[in-house]
Amino acid sequence: MLLSQLKHRFSSELLKSCLSNISIRTTSTATTNATLTSDKQTYTESLDSQVNTGILLLNMGGPETTNDVYDFLNRLFSDKDIIPLPAQKTLGPLIARRRTPSIQEQYAKIGGGSPIKMWTEKQGEGMVKILDQISPSTAPHKYYVGFRYVKPLTEMALDEIEKDSPRRIVAFTQYPQYSCSTTGSSLNAIARYYNAKKKQSKSEKDIPNSSIEQWSDSQWSVIDRWQTHPGFIQAFVENIKNELNKFPANVRKDVVILFSAHSLPMSVVNRGDPYPAEVAATVQSVMESLNFCNPYRLVWQSKVGPSAWLGCATDDAIKGLAKNNRRHILLVPIAFTSDHIETLHELDIEYSQHLATSVGVEMIRRCSSLNDSPLFIKAMADIVHKHIQSQQRHTTQLPLRCPGFHLKSKKSSNKER
């Protein structure tokens, strides 16, 4: 589905025009930090003029209140890109209803809702302030938040983009490592939105200023992965160093670093999804920067349902380490850039408080998420700046469909017959 839609998008007139050359300017750490201390009002005032570059921050999102949980789960389990189910339209809402009470309890334990929107807005504000400084030729910049499963939904962000009509639009995935089930799902949502606009414009040919005409005047491009960006890696390195220093000196070198990433169904992995390899590339880059100071493993969390998922599971790894008398553990959420339910409840409460205590772990800590780290926000700005300078619409990886996709589609087609 991804390629069939995006192939059209990337070959359309929208993306044929090249990005203009951009002059390079550097900024000091002191200057960067100063920009992050400015308040939101200054940012809002800067948007009074025409937006030159729009940056759409794509992510899954999370319910802000317990009342939003069902809608979040319903959209999640109805999306076959992330959780493929038989009879999805029937099973998706059914699973969402059954899981809502227990998930509401989890959100209640972390403050009543997900903080991911708050962190995304802080990241976006800091990013565009830096971009306005280091890239005045593409300023003013404006960020848009597009979540897949909660408001502001991707489609709502696209409505806002349509109104602003920026000259250039960058779809910037907030998943550092690409998967068809995450970034792919968000890009599919964009493709569906504009396919609907195109169909609508055909039925409204007499309307001279239809939205699809305005959209075609913009230059779209995609930052579809950034798993080894130096600034991104350095932000993790600093957080890991800070957390390791909180272990007693006599055990510090023996602390096992467990890099924990959201797992994937093996059906997705086996068709050739690049996510596991890209997460591993991030881990490798982080450990190289740390000079391989500690033993480490890459493990996987957040399995849903009875089908096979990528392992070793994070909870099983904690049990196994304790059994092998490795009782000092540092958890690093390597595929998450902001705190949300998987870090605040699954890692902090389920694993660090309950599981670790029950299996005899002496000390377990969780590395801070990147959230509003100045290093990370500076990295975000650098990723966008270099992407625009490159004049590339996307990486060479994006148009490559998973090698096993056709085989899976053929089997599904045969079953349907």
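**Close-up 1. Histidine 229 in the loop between S4 and helix H10.** In this predicted model, histidine 229 sits in the loop that links S4 to helix H10 (230-244). Histidine 229 is buried, its relative accessible area of 13% falling under the 20% limit. Its side chain makes a polar contact with the side chain of aspartate 382, at 2.7 Å. Leaving aside residues up to four places away in sequence, histidine 229 touches Ala379, Asp382 and Ile383.

Close-up 2. Strand S1 (residues 53-59) pairs with strand S3 (residues 168-173) in the parallel sense, over 6 bridges. For a landmark, find isoleucine 55, which stands opposite valine 170 in S3.

**Close-up 3. Arginine 225 and glutamate 278, a buried salt bridge.** The closest N and O atoms of arginine 225 and glutamate 278 are 2.6 Å apart in this salt bridge. Arginine 225 belongs to the loop between S4 and H10, and glutamate 278 to helix H12 (residues 275-289), so the pair ties together parts that are 53 residues apart in sequence. Are these two partners buried or exposed? Both arginine 225 and glutamate 278 are buried.

**Close-up 4. Glutamate 64 and lysine 117, a salt bridge between a loop and a helix.** Side chains of opposite charge can pair when their charged atoms come close. In this view, the side chains of glutamate 64 and lysine 117 meet in a salt bridge of 3.7 Å, N to O. Because glutamate 64 lies in the loop between S1 and helix H4 (69-77) and lysine 117 in helix H6 (residues 116-134), the pair ties together parts 53 residues apart in sequence. Glutamate 64 is partly exposed at 42% relative accessibility, and lysine 117 is also partly exposed, with a relative accessible area of 23%.

Close-up 5. Glutamate 243 and lysine 246 form a salt bridge whose closest N and O atoms are 3.7 Å apart. Glutamate 243 is buried, with a relative accessible area of 3%, whereas lysine 246 is partly exposed at 46%. Elsewhere, salt bridges with shared partners join Lys142, Glu160 and Asp164 into one network. The count for the model comes to 12 salt bridges.

**Close-up 6. Leucine 264 and its contacts.** Leucine 264 lies in the loop between strand S5 (256-262) and helix H11 (266-269). With 6% relative accessibility, leucine 264 counts as buried. Which residues does leucine 264 touch, not counting those up to four places away in sequence? They are Ser179, Ser181, Val269, Asp273, Tyr275, Pro276, Trp309 and Leu310. The C-alpha atoms of leucine 264 and serine 179 are separated by 9.2 Å, though the two residues are 85 residues apart along the chain.

Technical notes: Residues numbered from 1 in each chain as written. Predicted model: local features only at pLDDT ≥ 70, side-chain atom pairs only at ≥ 80, totals over all residues. Heavy atoms only, no water. Pairing = 2+ DSSP bridges. Helix = DSSP H or I, 4+ residues; strand = E, 2+ residues; numbered from the N terminus. Buried < 20%, exposed > 50% of the residue type's maximum accessible area, 1.4 Å probe, protein only. Polar contact = N/O pair within 3.5 Å; in protein donor to acceptor, adjacent residues only side chain to side chain. Contact = heavy atoms within 4.5 Å. Salt bridge = Lys/Arg side-chain N within 4 Å of Asp/Glu carboxyl O.
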